[in-house]
Amino acid sequence: RSMLPPVKKDRIITELPKCFSPSAALHTKEAFHPQVKAVCQTKKRGTVGFNIAKVIVVGDVAVGKTCLISRFCKGAFDKNYKATIGVDFEMERFEVLGVPFSLQLWDTAGQERFKCIASTYYRGAQAIIVVFDLSSAGSLAHARQWLEDAMKENDPSSVLLFLVGTKKDLSSPEQLAYVEQEAIRLSEEIRAEYWAVSAKSGRDFFFRVASLTFEANVLAELERRGSRDVGDIIRITGSTEDVRKPTKRKSNCC
Ligand code: GDP
Ligand code: MG
């Protein structure tokens, strides 16, 4: 059993990161839920029982899904290695309120080209990121369908949704204003948090995803346990080995 090295300094979250647009946010609270803060303060040591969130990224071909993930996950495994061992996600490690927490970021790896994504890809997601290209109205129009497909495999009450526009640099200000208005309207309707990303804001976005999934995980765990043994909720597991095992993709699709 190997102990993981400490989380990098630039992945430490101590305050709840702000949303992108208050008119299309999952919530606009300024701080982490008080109960979540309390539970993290009383932790003994080591990692938590709820220390990983599966995050899936969907959207049309070429909207920029892979770029969005890889811009953030620098120094991750190289593509050939991943393809060989069959792993199609990146692990990004954080520390939230002093507790180790990882995002397991799944990339479609080209499956979206056939509009047919293996159900194992969608299953058990804690967050769904629907990506569209701000300079292509068609990609926003398809966002709803991507979301519906992804939701078929998930429990709507336990999934956080994000609608993310990329390629901000390719749009004129007028075009951007128009598409954003449409995107915010859709976000409100599907209850997603809206973000427009550039190379710079990609980091803020993933910090927000990490914080909100962490908060949701802790709250769900508290609810499940009826808020009893608060101190016991944080377990010492020492390793995240199990979840790192590569998953076999179903081949009877398409
Ligand atoms: P995917 O098919 O959704 O994974 O899309 P990719 O991440 O492979 O990106 C498709 C193309 O869009 C590539 O040529 C990228 O260089 C380009 N691209 C991605 N993000 C941006 C962006 O923010 N701005 C611009 N100008 N191009 C981008
Ligand atoms: Mg891709």
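**Close-up views of a predicted model**

R191 is placed in the loop between α7 and β7, where helices (H or I, at least four residues) and strands (E, at least two) are DSSP runs numbered from the N terminus. This is a predicted model, in which local features need pLDDT of at least 70 and side-chain atom pairs count only at pLDDT 80 or more, whereas totals for chains, interfaces and linings use all residues. Residues are numbered from 1 along each chain as its sequence is written, chains are lettered from A and ligands numbered from 1 in the order in which they are written, and side-chain values use heavy atoms, with hydrogens and water left out.

**View 1**
R191 has a positive phi of about 60° although it is not a glycine. Most residues other than glycine have a negative phi. With a relative accessible area of 68%, R191 is exposed; here buried means under 20% relative accessible area, exposed means over 50%, and partly exposed is in between (1.4 Å probe, protein chains only). K167, in the loop between β6 and α7, likewise is not a glycine and has a positive phi of about 60°. K167 is partly exposed, its relative accessible area being 26%.

**View 1. The surroundings of ligand 1.**
Ligand 1 is surrounded by 13 residues, of which the closest are A62, K65, T66, C67 and D169; a residue is counted as near a molecule or strand if one of its heavy atoms lies within 4 Å of it. By class, this shell has 5 nonpolar, 2 polar and 6 charged residues, with Ala, Val, Leu, Ile, Met, Phe, Trp, Tyr, Cys and Pro counted as nonpolar, Asp, Glu, Lys and Arg as charged, and the others, Gly among them, as polar. A polar side-chain atom of K167 lies 3.0 Å from an oxygen atom of ligand 1, and an N or O atom in the side chain of T66 is 2.8 Å from an oxygen atom of the ligand. Taken alone, ligand 1 exposes 580 Å², and the protein buries 66% of that; accessible areas come from the Shrake-Rupley method with a 1.4 Å probe, and for residues only the protein chains shown count as cover.

**View 2. Strand β6 and its neighbours.**
Strand β6 (residues 160–166) is largely enclosed by the rest of the structure, because 7 of its 7 residues are buried. Both faces are covered, with L160, F162, V164 and T166 buried on one side and L161, L163 and G165 buried on the other. Strand β5 (residues 127–133) pairs with β6 in the parallel sense over 7 bridges, two strands being taken to pair if DSSP finds at least two bridges between them; I128 stands opposite L161 in β6. Strand β7 (residues 193–196) also runs parallel to β6, joined by 4 bridges, and Y194 in β7 is the bridge partner of L163. Together β6, helix α7 (residues 173–190) and β7 make a right-handed β-α-β unit, a crossover being right-handed if, with the strands pointing away from the viewer, the path from the first strand over the helix to the second runs clockwise.

Of the 8 residues of β4, 7 are buried, so the strand is largely enclosed by the rest of the structure. Strand β2 (residues 52–58) pairs with β4 in the parallel sense over 5 bridges, whereas strand β3 (residues 89–96) pairs with β4 in the antiparallel sense over 8 bridges. V96 has V99 as its bridge partner in β4, and in the hairpin of β3 and β4, which has 2 residues between the strands, L97 takes a positive phi near 50°. Q104 is placed in β4 (residues 99–106), where K54 stands opposite Q104. Q104 is buried, with a relative accessible area of 7%, and its side chain makes a polar contact with the side chain of W106 at 3.0 Å; a polar contact is a pair of N or O atoms within 3.5 Å, where, within protein, one must be able to donate a hydrogen and the other to accept it, and residues adjacent in sequence count only if both atoms are side-chain atoms.

**View 3. N217 in helix α8.**
N217 lies in helix α8 (residues 202–224) and counts as buried at 11% relative accessibility. The side chain of N217 reaches the backbone oxygen of I52 at 3.5 Å.
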